[in-house]
Amino acid sequence: MLGLRGRLPRVKLWIRSSLAAAAFILLFAAFDSLFGHASTLVLYPPLLWILFALAARRYHDLGKPASRLLLLLLPLIGPIVVLFDLAFRKGTEGDNPYGPDPLTFGIDYLTVPLALAGGKVVVNDVTGLNPITVAAVVTPTTVDEVCEAIRRTTGPISVGGGHFSMGGQTASAASLHLDMRRLNGVIAFSPAARTIRVQAGVRWCDLQRFLDPHGFAVKIMQTYANFTVGGSLSVNVHGRYVGLGPLILSVRTIRIVLADGSMVDASPHENAEIFYAAIGGYGGIGVIVEAELELAENRRVERQAKTMRRTEYLRFFRQHVRGAAGAIFHNADLYPPHYERARAVTWVNTDKPATTRARLQRPGRSYPISKYFLWAITETPFGKWRREFLVDPIVYLGKPVHWRNYEAGYDVAELEPPSRSERTYVLQEYFVPIDRFDEFVSRMSEILRRHRVNAVNVSVRHALADPGSLLAWAREEVFAFVLYYKQRVRENAKTRVAVWTRELIDAAISVSGSYYLPYQPHATPEQFHAAYPRARELFAMKRRVDPNFRFRNVMWDKYYAPTLT
Ligand SMILES: Cc1cc2nc3c(=O)[nH]c(=O)nc-3n(C[C@H](O)[C@H](O)[C@H](O)COP(=O)(O)OP(=O)(O)OC[C@H]3O[C@@H](n4cnc5c(N)ncnc54)[C@H](O)[C@@H]3O)c2cc1C
């Protein structure tokens with residue numbers, strides 16, 4: 001109430017100034033009747049100071065200095081302007097030089113917490129399907145602390161970023177777990193070179209907040225912004241970008257701490273074998289502590305949508321999307337349960353004004369409408385039909401214009417059900433050479449229908465070939481099929497999911513494709529090696545740089561550990 005630092009939003013100004021006025025009136029009446037009128041003079045200095053402090057902080061909220069209050073010296077017009085500014089104008093969105101946005105301060109994107117059970121720490125992921133008890137947790141805030149944690153121990157180590165991968169990729173039983181989320185600073189930013197160097201625990205949403213005032217955006221990231229850079233590099237993620245693909249295409253260099261605690265810089269030109277092993281290497285080669293990434297311009301993009309038979313999509317994609325100037329994001333939704341129709345959605349650069357005031361997504365929203373539709377699609381009769389023929393045609397009527405950072409900044413919270421105790425939403429993904437699109441869709445839809453998979457959506461994205469990472473999921477130009485579905489959490493449901501997942505993996509492999517590794521590890525070792533033919537090279541490198549098999553998680557335990565005996 002009394003300090004001059006920080007920012008004060010409109011509503012708080014109204015409340016606090018009303019409280020100050022009420023307190024003044026009460027005290028005034030009391031002083032007047034008890035001590036006489038002259039005694040009320042002592043009340044004015046504190047009142048004026050309080051009003052001055054509130055006004056100063058309100059101006060800070062507008063991104064202006066307190067000296068703006070000198071306008072009060074202008075007769076008539078001055079007080080009107082100041083009153084309007086303070087009482088009615090909205091504060092600047094996001095951080096400003098006077099402090100963080102008070103409307104979002106302390107409110108965050110959805111995070112996955114570590115849990116305590118019987119005095120032990122349990123690492124899980126957003127699905128809740130993979131609880132793993134670890135020996136201890138270290139939360140490094142400096143690179144030295146990472147090196148130190150590795151050097152002063154000899155046992156297994158697991159590494160976690162945002163903990164959103166869905167199949168135990170962040171933990172191994174009884175390991176020392178490195179939770180990287182507090183190693184999250186920006187180290188260097190070069191607008192001229194369009195690059196940023198960051199610590200690996202930083203999340204995309206944090207980077208967007210940093211970059212937005214400078215007019216820049218992340219070049220390649222996922223659709224949601226909750227994920228860490230380290231977790232994304234280790235999975236070699238992709239987004240909905242046109243003309244791009246795996247994240248590695250935007251990485252200049254990484255710094256990684258190896259199993260002996262030594263630090264190595266790696267890029268396509270320096271220690272290239274480490275670079276191509278660690279990116280997409282699921283934490284098995286070492287702990288990525290820093291990365292230098294390329295940036296893009298933060299421009300406005302306008303949505304264009306078109307529905308078609310899915311057999312027309314490949315031609316449509318080639319003619320209107322693949323080489324389209326200004327196309328930034330693209331995906332096509334295939335509607336379950338028949339997968340016969342596609343809605344192609346492309347976001348194209350535009351100079352039109354944004355239709356959404358916000359430049360960045362606001363964290364902490366509750367998304368009741370999205371959650372209701374997710375429930376209705378998966379739980380009510382004709383839910384999928386209503387989505388395809390009633391809801392989406394209305395949703396896609398308009399042509400909204402968003403900033404790129406807004407469109408790439410969604411919060412996973414919008415997908416979060418009220419409870420995951422009986423049913424949970426899960427992702428899977430398959431990659432298929434673009435010429436094999438129709439062949440794969442026919443096989444995929446037959447499998448999903450036969451097993452009555454409760455699919456919410458299949459989102460098709462595009463990616464150029466990976467330049468050489470050993471666990472490349474895009475060995476050539478591919479379409480990615482992102483399947484979002486709902487399953488029960490009980491054991492027999494998990495077993496049934498494993499059966500149809502393996503059928504889908506076979507279907508992808510049969511068209512020279514692959515499947516994605518950050519999800520549930522249902523693939524057999526044979527399927528894993530068929531989809532990732534260079535995995536044995538990666539395993540050979542791991543034996544060299546991590547001879548005592550220190551860096552582990554469920555994926556490495558399942559596919560690598562048996563090769564050691
Ligand atoms: C709702 C949802 C939507 C998704 N959408 C997409 C999408 O559009 N595109 C896409 O490609 N993926 C998508 N994914 C998958 C997601 O990108 C990956 O699971 C990604 O790894 C999540 O990042 P994270 O920070 O949570 O990583 P984590 O899950 O914490 O870690 C992933 C892997 O990286 C390792 N790791 C983490 N940090 C480091 C580090 N500093 N050094 C070395 N290894 C490390 C971990 O050991 C683990 O093996 C989605 C996932 C969810 C839940």
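**Reading the terms**

Guide: The shell around the ligand divides into 16 nonpolar residues, 18 polar residues and no charged ones. In this count Ala, Val, Leu, Ile, Met, Phe, Trp, Tyr, Cys and Pro are nonpolar, Asp, Glu, Lys and Arg are charged, and the others, Gly among them, are polar. The model is a predicted one, in which local features need pLDDT of at least 70 and side-chain atom pairs count only at pLDDT 80 or more, while totals for chains, interfaces and linings use all residues. Residues are numbered from 1 along each chain as its sequence is written.

Visitor: What makes a residue count as near the ligand, and how many residues surround the ligand?
Guide: A residue is near a molecule or strand if its C-beta atom, placed from the backbone, lies within 6 Å of it. There are 34 residues around the ligand, and the closest are G161, G162, G230, G231 and G283. Two or more residues of the shell are given by each of β5 (157–160), α6 (229–235) and β12 (287–297), where helices (H or I, at least four residues) and strands (E, at least two) are DSSP runs numbered from the N terminus. The largest share, five residues, comes from α6.

Visitor: Why is H163 called buried?
Guide: A residue is buried if 20 or more other C-beta atoms, placed from the backbone, lie within 10 Å of its own, exposed if 12 or fewer, and partly exposed in between. H163 has 26 other C-beta atoms within 10 Å, and therefore counts as buried. H163 sits in the loop between β5 and β6, and its phi is near 65°, a positive value in a residue other than glycine.

Visitor: Is F382 buried or exposed, and why?
Guide: F382 is exposed, because it has 11 other C-beta atoms within 10 Å. F382 belongs to the loop between α9 (368–379) and α10 (383–395), and its phi, near 60°, is also positive.

Visitor: Why is A498 called partly exposed?
Guide: A498 has 14 C-beta neighbours inside 10 Å, so it falls in the class in between. A498 lies in helix α13 (residues 491–510).

Visitor: How do you know that β5 and β6 pair, and in which sense?
Guide: Two strands pair if DSSP finds at least two bridges between them, and β5 and β6 (residues 176–179) are joined in the parallel sense over four bridges. Across this pairing V159 stands opposite L178 in β6.

Visitor: What order do the strands of this open sheet take, and why do β4 and β5 stand at its edges?
Guide: The three strands run in the order β4-β6-β5, with parallel pairing. β4 (136–138) and β5 each have a single partner strand, so one side of each is left without a neighbour in the sheet.
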